[in-house]
Amino acid sequence: ESPEPGCRSYPHLASSEAYHLTVIEPVAILKADEVWGALRGLETFSQLVHEDDYGRFLVNESEIHDFPRFAHRGILLDTSRHYLPLKSILTNLDAMAFNKFNVLHWHIVDDQSFPYQSIYFPELSDKGAYSYNHIYTPADVHMVIEYARLRGIRVIPEFDTPGHTQSWGKGQKDLLTPCYNGEQPSGFFGPVNPILNTTYDFMTKFFKEISSVFPDAYIHLGGDEVNFDCWKSNPEVKEFMKQQGFGINYAKLESYYIQKILDTVSSYDKGYMVWQEVFDNKAQLKPDTVVEVWIESNYTHELSSVTRAGFTAILAAPWYLDYISYGQDWKKYYSIEPLNFPGSEEQKKLLIGGEACLWGEFVDATNLTPRLWPRASAVGERLWSSRSVTDLQDAYTRLTNHRCRMLR
Amino acid sequence: QLLIFVATPGCDGFPSLDSKESYKLSVSEGSLLLSADAVWGALRGLETFSQLVGRDENGTCYINKTEIVDFPRFPHRGLLLDTSRHYLPLRAILETLDVMAYNKFNVFHWHIVDDPSFPYESLTFPELSKQGAFNAMTHVYTASDVQMVIEYARLRGIRVIAEFDTPGHTLSWGPGAPGLLTPCYLGNDPSGTYGPINPILNSTYQFVSSLFQEVSTVFPDYFLHLGGDEVDFSCWKSNPKIRAFMKEMGFGEDYKKLESFYVQRLLDIISSLGKGYIVWQEVFDNEVKVRPDTIIHVWKENSTPYMKEMANVTKAGYRALLSAPWYLNHISYGQDWMAAYQVEPLKFEGSSEQKDRVIGGEACMWGEYVDVTNLAPRLWPRAGAVAERLWSNATVRDLQDAYMRLADFRCKLLRRGVQAQPLYVGYCENEFGG
């Protein structure tokens, strides 16, 4: 109940997810400022219902005031290293809702394949997807967005450039930089070519489409792991560096590129998320840029730097769930305290949440669900619950129960 | 039409360690011939044949002209499943047997009971599962379930070797068999907790005898796996009656002697039942007197390098099974199938007689973190690397080539409805759940 519940709108970073649940004979009352809170409260309510020995359903008398500690609680799925059938994405959205996750970070394309069927540039998936059966049509994409919305989950797509773009080159001639072996092109291609106007013409049009297809206020632009070797080998790129006065600092070329993309995306009224390298390499970022910290070594230091510079940050580094190992690794994910980094109160406020990442090198629909759940639940609780909820014993008991519930 | 010729007919028997699994496959224009000495070879050949059939773009099935003479390098190629740490529904076991057959595995090592639960419904001692199963209604294997597994396996040329691991790993036996386990002591009083099977009571040996009498009848294979691993001595040491027994027997402080005392009597019982036995390596390491035809199962990876253990076991004249580098439950990031594939079971210093005593190995999927929700992706296609190592010639080791074939095989598994996980980036025509 609320004057403007917002059932037809999309969830966003500032959505209110707080709710108030009162269970007292003979009724249960769920109140929330916005429908998103009602969704969270419904999930909680469903978990309170239990069965007695006679098969009767009961709820204990309860009074719950609940709200998330962090506003951005995400799961990253990678549909490029392996295609994920639509059904597996939807099943995963359900599981996310059971765990109060509210962001699907859809790392939709990368080097290996380009499954996103673009309306303006159909050749991208025609030539870049693994096959015609390994594609997300506009209808598929809408399905994901709507299915997510109904669960209070934002869909933030990531179109990672200028690196991680091998598959783009198949359907878009001259987009990628031709690498050179001495004087001759080697036949191989590197990151997106930052010196051609055609590159920016393409990106402008492409991101126009993306901005209209994906309703969320944010788009993730990637910007990670750009290998400079290919740029360094290309004589035209080298010439450009000279012209621009970049010397031999290719990070400047990278920033030059990113800058233009960021400005393009801004002009479509979208905010952007970027991987930490974009910040580390000193590109000019808009104040509402979200920097995603993913490099494990020294990540607390990185969180300090990012927030000290006044940018919002989200934490992924300690939560790469694709890094499997033997035993109860959920405990180490649970024990991470995101605000354990050197910084002022204001700085800490800039850490708006985190993401559990399931990169797809070794993951597809055959093992996605068991690999993600219930390990990601540990991250889900860390991002929702109060800082003081840390007891491992207690968490184990609740998590095993929750796991059985998810099986049901 | 594929013509199958089996020299020694007979489809009613059970496969054994000595079964002949060799076959010849001849494919030429107008003639498809599969011949084998025994039906077990025909089964292996049929599987190969099924993998040779391809489909072209028009959907037409075809097969290349080919001449194959094939036979396994090792006669014992096993997979261990643990149904105590987590119960596995019957269907999951049967599906696993299907995929084992696709991989030419021929032994199902059923580690059926252990500390956490006792799902085996015993006719002689019904209380064991009534008190010891996770849930006596839903998490048990009835007599007919067990028969189903044995027959389903037999039809695929797979032996079922049951393991009733004692004297350690037996906590779940306690509730249904009061007096069986050793009561531990805190000072002069029982602490309320229990340890391994109590080796000093006659009742223990009566019980064990009756139970294994039943087990010997239920499981038709000549071999039983008797366990004998990881016996924790601290409970025995705490018990005054046991300490008194140690003194009587002149064992001093060497509890390995007490363990041997138990295992000895157990082995004698099993022998008198007309069965052979497989034991974990501790039984050999602790110098228990075992029959010459005992098979020692090498599993430890840390203390003694396992290849040294293989040398020692075979040098002492015993046959050996290798599992140490093939604990598939030990997951890690990346293409760990490669390490499993590169193991060379005969890479130790020894005579050719010694090497002949290595009869094969087993991939193990212990159940601490495994149940039906993740069994298939965790097992396949990784176990395939072990299967090839145990079937194929020692010279078949090229990783590049193996990758191509295993990745292709994985897509085949998907087509057959197996939830086999990917080896690395890529795709299959038909994705799981696509």
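A: Let's start with a pair of strands: strand β2 (residues 23–28) of chain B and β6(B) run antiparallel to each other and share 5 bridges. Strands here are DSSP runs of E of at least two residues, helices are runs of H or I of at least four residues, and both are numbered from the N terminus. Two strands count as paired if DSSP finds at least two bridges between them. One such bridge links B:Val27 to its partner B:Thr66 in β6(B).

A word on the ground rules: this is a predicted model, in which local features need pLDDT of at least 70 and side-chain atom pairs count only at pLDDT 80 or more, while totals for chains, interfaces and linings use all residues. Residues are numbered from 1 along each chain as its sequence is written, chains are lettered from A and ligands numbered from 1 in the order in which they are written, and side-chain values use heavy atoms, with hydrogens and water left out.

Stepping back, the open sheet of chain B has 4 strands in the order β1-β3-β2-β6, with mixed pairing. From one strand to the next, the twist averages 10°. Helix α1 (residues 39–52) of chain B packs on this sheet and touches β1, β2, β3 (31–38) and β6 of chain B, where contact means heavy atoms within 4.5 Å. The direction of α1 makes about 150° with that of β3(B); angles run from 0 to 180 degrees between N-to-C directions, and axes are lines fitted to C-alpha atoms, for helices over the stretch in contact.

Elsewhere in chain B, helix α2 (residues 90–102) and helix α4 (residues 143–154) pack at an angle of about 10°, with axes 10 Å apart. The pair α2(B) and α4(B) is therefore roughly parallel, a label for angles under 35 degrees. From α2(B), B:Leu90, B:Ile93, B:Leu94, B:Leu97 and B:Asp98 meet B:Asp145, B:Met148, B:Val149, B:Tyr152 and B:Ala153 of α4(B).

Over in chain A, 10 of the 10 residues of helix α15 (residues 375–384) are buried, so α15 is largely enclosed by the rest of the structure. Buried means under 20% relative accessible area, with a 1.4 Å probe and protein chains only. Among these buried residues are A:Arg375, A:Glu381, A:Arg382 and A:Trp384.

Note on methods. Parallel < 35°, antiparallel > 145°, perpendicular 65-115°, else oblique. Buried < 20%, exposed > 50% of the residue type's maximum accessible area, 1.4 Å probe, protein only.
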